[in-house]
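Here is a short briefing for a first look at this structure. Keep the sequence and the 3D view open as you read.

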Amino acid sequence: MIPAPHDGASRPTAGALRLIEARTEHPASADVHGYLAALYEHCPFLRPSVRRGMTGWTVYEIAPGSHRYAVEAELFHAGVQAAEWVRPLMARPFGTLVCENVVLLGRCVDADHRELLAWPHWVLKHLYAPVGVMFGKFVRGEVETGRQGRSIPPPPFSFLPVRAGVRPLDPKFLMGTPDLATALAVGVDDGRDVFEHISCEWKAVREWASSLPRPQRP
């Protein structure tokens, strides 16, 4: 594995997520293959990515008794690791096909999966859009809408996909956050440290995130 330059944050929360399966193309703990086959018609990049072995999965399970704050911190950490794996691969041949996925299993005592994914997804998008990395968010059983307005099959598990941004398609998903859409549209990975102006200490990350503009509502 290509080492990440950061752990994502200091981790007093370590242990809130248990690593069930390290990066693999064929996880045994999450039924990905039938789901992926159902998604092929919705994403032109997915089938070639899978065929070339460029779609990876890392599976985590919430440790019993873990609370929301700790799980969010660990998801953020896992997202940073995935993004730093993706970044050097984007410049290689077929780099636009690279897709890493952080899978979340299990239950938290004080939040559901939608709530747990929301904060890490929001912060990670803002950190990595300027270097051209796109984060998605899918919650088990929830129906999402694709680029052409069609419903996407509900996922059998919750996960954060991490991949190279696709211009000009991806900024259209960010119309409610115009600054973020612009950052992704012009984002180029120049090798910068995304934590250059933000301490990677966990409390500092949360404080920085509190200043981010919230999505505009139609």
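**Charged pairs, fold and core**

Arginine 68 is partly exposed, at 30% relative accessibility. Its salt-bridge partner is glutamate 72, with N and O 3.0 Å apart. Glutamate 72 is buried, at 3% relative accessibility. The model is predicted.

**Overall make-up**

- The protein chain holds six helices and seven strands.
- Read from the N terminus, the order of elements is β-α-α-β-α-β-α-β-β-β-β-α-α.
- The protein chain has 218 residues, and 48% of them are buried.
- Take the contacts between residues at least 6 apart in sequence: 77% of these join residues at least 24 apart.

- Five strands make up an open sheet with mixed pairing, in the order 1-2-3-7-4.
- Strand 1 (17–24) and strand 4 stand at the edges. Each has a single partner strand, so one side of each lacks a neighbour in the sheet.
- On average, neighbouring strands of this sheet are turned by 15° against each other, direction ignored.
- Strand 4 and strand 7 run antiparallel and are joined by three bridges.
- Phenylalanine 135 stands opposite valine 162, which lies in strand 7.
- Helix 3 packs on the sheet and touches strand 1, strand 2, strand 3, strand 4 and strand 7. The direction of helix 3 makes about 165° with that of strand 3.

**The nonpolar cores**

- In soluble globular proteins, nonpolar side chains tend to be buried together.
- The largest nonpolar core here has 46 residues. Those touching the most other members are Val71, Leu75, Phe76, Leu116, Leu127, Tyr128 and Val133.
- Elements giving two or more residues to this core include strand 2 (55–62), helix 3 (68–90), strand 3 (99–105) and helix 4 (113–128). Strand 4 (133–135), strand 7 (158–164) and helix 6 (202–209) are also among them.
- Helix 3 gives the most to this core: 13 residues.
- Which residues does tyrosine 128 touch, leaving aside those up to four places away in sequence? They are Val80, Ala83, Glu84, Arg87, Val133, Phe135 and Val194.
- A second core of 14 residues is separate, and Leu36, Leu39, Val59 and Leu105 are among its members.

**The salt bridges**

- There are seven salt bridges in the structure.
- Glutamate 100 pairs with arginine 23 in a salt bridge, with the closest N and O atoms 2.8 Å apart.
- This pair links distant parts of the chain. Glutamate 100 is in strand 3 and arginine 23 is in strand 1, 77 residues apart.
- Is glutamate 100 buried or exposed? Glutamate 100 counts as buried, because its relative accessibility is 4% and the cut-off for buried is under 20%.
- Arginine 23 has a relative accessible area of 26% and is partly exposed.
- Glutamate 72 and arginine 68 are four residues apart in helix 3, so about one helical turn separates them.
- Aspartate 190 and arginine 192 also meet through their side chains in a salt bridge, at 2.9 Å from N to O.
- Aspartate 190 counts as exposed, at 53% relative accessibility. Arginine 192 is partly exposed, with a relative accessible area of 34%.
- Arg68, Glu72 and Arg206 form one network, joined by salt bridges that share partners.

How values were computed:
Residues numbered from 1 in each chain as written. Predicted model: local features only at pLDDT ≥ 70, side-chain atom pairs only at ≥ 80, totals over all residues. Heavy atoms only, no water. Buried < 20%, exposed > 50% of the residue type's maximum accessible area, 1.4 Å probe, protein only. Contact = heavy atoms within 4.5 Å. Core = buried A, V, L, I, M, F, W, Y, C linked by side-chain atoms within 4.5 Å. Pairing = 2+ DSSP bridges. Axes fitted to C-alpha atoms, helices over the stretch in contact; angles between N-to-C directions. Salt bridge = Lys/Arg side-chain N within 4 Å of Asp/Glu carboxyl O.
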